[in-house]
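Subject: The model to look at

Hi,

Here is the structure I said I would pass on to you. Have it open beside this email while you read.

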Amino acid sequence: MTTDPQNTLTKATAIEFKSNTFTVPVLVISSNDLDVINDQIQKKIQIAPDFFKNSPIVLDVQSINKNNLPIDFTKLTNVLREAGLLPIGIRGGNGLQNKIAIDLGIPIHSVHNSPVIEKKNLEDSPPKIKSSHSETALNTQATLISQPVRSGQRIYATGDLIILAQVSAGAEIMAEGNIHVYNTLRGRALAGVQGNLGARIFCSDLQAELISIAGTYQISEDMRGIVRNKPVQIYLQEHTLIIKDTA
Amino acid sequence: MARIIVVTSGKGGVGKTTTSAAIAMGLAKRGHKTAVIDFDVGLRNLDLIMGCERRVVYDFINVINGEASLNQALIRDKHCDQLYILPASQTRDKDALSQEGVGKVLEELSKDFQYVVCDSPAGIERGAHLAMYYADDAFVVTNPEVSSVRDSDRMLGLLASKSRRAERNEEPIKEYLLLSRYSPERVKIGDMLSVNDVQDILSLHLLGVIPESKSVLTASNSGVPVILDEKSDAGQAYADIVARYLGEERPHRFIDEKKGLFGKLFGGK
Ligand SMILES: Nc1ncnc2c1ncn2[C@@H]1O[C@H](COP(=O)(O)OP(=O)(O)OP(=O)(O)O)[C@@H](O)[C@H]1O
Ligand SMILES: [Mg+2]
């Protein structure tokens with residue numbers, strides 16, 4: 001048998017597997033009532049339509065399984081797809097759910113590598129953290145961004161978010177953990193978006209349009225007195241945002 | 001293989017077509033075989049600025065639809081035989097452009113040309129996306145005002161995420177800032193953002209500053225790219241830009257206020 005070496009070479013380089021880390025929001029399901037789920041998803045989407053449009057998500061069904069709430073996984077997937085979300089994984093599923101997921105072309109993710117963050121109801125969660133000094137960095141892996149985040153771009157990190165370049169006005173960065181921006185922050189920065197009251201925002205030049213920690217926010221008008229070009233940190237103290245020099 | 005340059009901005013009316021015509025002519029005059037494509041389907045004004053509107057037989061869309069060959073549609077410039085124009089259609093609507101169609105035309109042009117300049121329509125929708133999708137280099141034309149800078153920033157985000165290079169995880173598009181319609185006098189009285197302000201916001205490599213200049217209108221009225229008006233400030237600014245793009249070092253000009261006679265006598269150092 002003869003092989004044309006030229007030919008084999010082109011064939012050999014046709015594809016390449018690369019390892020890459022992506023940040024994907026996790027949707028934690030805690031009810032088996034599809035109408036309620038649909039309702040609440042629609043409400044969330046209304047808040048940030050662009051963010052959720054065609055957004056990939058991983059479905060977390062641990063909680064309903066723990067509480068023995070049976071759910072029609074096929075229908076659930078349909079509800080999400082109709083809402084414009086793209087389920088790309090299931091987590092904490094039982095044998096049957098996992099099988100259906102695979103049939104639907106949805107991969108199974110293990111629960112262990114990223115701990116589920118307890119989703120708090122922002123309105124009625126009592127201030128569980130008394131002192132502002134509890135440095136609760138959630139132990140999910142940090143996401144590192146070294147390119148500028150431009151106007152119109154959104155970044156969501158399930159853990160900490162570290163950005164080395166500038167964040168432009170009109171950009172939005174969100175993290176379930178802390179946010180570090182080692183450059184000018186001009187856009188919107190939301191840390192602790194799943195309710196982590198201990199999350200903080202650090203940046204080397206604060207010119208943000210909006211900053212928020214666990215749902216408590218301030219807009220740029222409220223930040224007029226802030227000195228530019230100075231590294232600051234922002235944290236929550238008794239439901240109030242504190243902006244302080246890190247120096 | 002041609003280098004594909006997109007001239008883009010987000011915001012409309014900032015000088016993309018003026019710039020496309022000028023730099024395409026500049027590259028061609030230096031001996032590089034260059035094609036310039038009008039992506040602004042339905043509006044068509046690159047051919048007016050290039051002064052070839054009366055010689056349009058076939059257009060970009062005819063080529064995409066296979067109704068004409070590239071050679072039939074390309075118009076050779078009357079000032080420079082290294083420059084060819086592929087005009088847009090005035091009669092079709094924007095949906096006539098398809099991604100595969102554009103890809104095929106660019107691929108065919110790449111075999112024969114050294115530079116292909118794509119004049120993008122305004123906005124960040126389909127037409128602008130198609131114009132930048134295959135690009136190697138992006139000339140981001142910005143006027144020194146907040147809304148133009150913001151739109152450029154938005155476009156930079158799309159260049160970094162929605163281009164073929166981004167999708168294939170290749171080396172990103174090289175981005176250059178062209179600050180156009182600059183008027184040092186208006187910067188001084190706070191009417192306009194300064195070069196530094198704009199660079200601070202966009203943090204982008206500045207390829208050149210093009211002054212606000214009457215010569216641009218004169219040139220476009222007579223259908224001659226302004227770069228051929230070698231005496232004009234805008235023409236010189238574009239010549240500098242082409243030179244810097246090709247790797248030459250040239251000090252930046254047109255950033256500081258011109259000193260009038262009074263200034264020269266009393267204010268100058
Ligand atoms: N440096 C300049 N000085 C003065 N006028 C200029 C300059 N550059 C462009 N103009 C004028 O601005 C107007 C818009 O220019 P041009 O058509 O090149 O912009 P464009 O970005 O291609 O617009 P569109 O978004 O509609 O395609 C024209 O009337 C042109 O003559
Ligand atoms: Mg134009």
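Below is what turned up in it, beginning with the ground rules.

This is a predicted model, where local features need pLDDT of at least 70 and side-chain atom pairs count only at pLDDT 80 or more, while totals for chains, interfaces and linings use all residues. Residues are numbered from 1 along each chain as its sequence is written, chains are lettered from A and ligands numbered from 1 in the order in which they are written, and side-chain values use heavy atoms, with hydrogens and water left out.

**The ligand in chain B**

Let's start with ligand 1. It has 16 residues around it, and the nearest ones are Gly13(B), Lys16(B), Thr17(B), Thr18(B) and Ser213(B). A residue counts as near a molecule or strand if one of its heavy atoms lies within 4 Å of it.

Gly13(B) has a polar backbone atom 2.9 Å from an oxygen atom of ligand 1. Taken alone, ligand 1 exposes 630 Å², and the protein buries 81% of that. Those areas come from the Shrake-Rupley method with a 1.4 Å probe; for residues, only the protein chains shown count as cover.

Which elements of chain B give two or more residues to the shell around ligand 1? They are helix 1 (16-29), strand 7 (174-182) and strand 8 (205-211). Helix 1 of chain B gives the most, with three residues. Helices (H or I, at least four residues) and strands (E, at least two) are DSSP runs, numbered from the N terminus. Sorted by class, the shell has five nonpolar, seven polar and four charged residues. Here Ala, Val, Leu, Ile, Met, Phe, Trp, Tyr, Cys and Pro count as nonpolar, Asp, Glu, Lys and Arg as charged, and the others, Gly among them, as polar.

**Sheets in chain A**

Now over to chain A. One open sheet has five strands in the order 6-8-10-12-13, with mixed pairing. Two strands pair if DSSP finds at least two bridges between them. Strand 6 (154-157) and strand 13 (216-219) of chain A stand at the edges with a single partner strand each, so one side of each has no neighbour in the sheet. Within this sheet, strand 6 and strand 8 (residues 172-175) of chain A pair in the parallel sense over four bridges, and Ala157(A) stands opposite Ala175(A) in strand 8.

Another open sheet in chain A has four strands in the order 1-2-3-4, with parallel pairing. Its edge strands are strand 1 (26-28) and strand 4 (108-109), each pairing on one side only. Three bridges join strand 1 to strand 2 (residues 56-60) of chain A in the parallel sense, with Leu27(A) opposite Leu59(A) in strand 2.

There is also strand 11 (residues 201-206) of chain A, which runs parallel to strand 9 (residues 179-185), joined by five bridges. Leu185(A) stands opposite Leu206(A) there. Strand 11 also pairs with strand 14 (residues 232-237) of chain A, in the antiparallel sense over three bridges; Ile201(A) has Ile234(A) as its bridge partner in strand 14.

**A few residues in chain B**

Is Arg244(B) buried or exposed? Arg244(B) is buried, with a relative accessible area of 13%; buried means under 20% relative accessible area, exposed over 50%, partly exposed in between (1.4 Å probe, protein chains only). Arg244(B) lies in helix 12 (residues 233-245) of chain B. Its side chain reaches the backbone oxygen of Leu207(B) at 2.7 Å, and a polar atom of that side chain lies 3.0 Å from the backbone oxygen of Pro251(B).

Most residues other than glycine have a negative phi. Arg181(B), in strand 7 of chain B, has a positive phi of about 60° although it is not a glycine. Ser203(B), in the loop between helix 10 and strand 8 of chain B, has a positive phi near 30°.

How values were computed: Polar contact = N/O pair within 3.5 Å; in protein donor to acceptor, adjacent residues only side chain to side chain.
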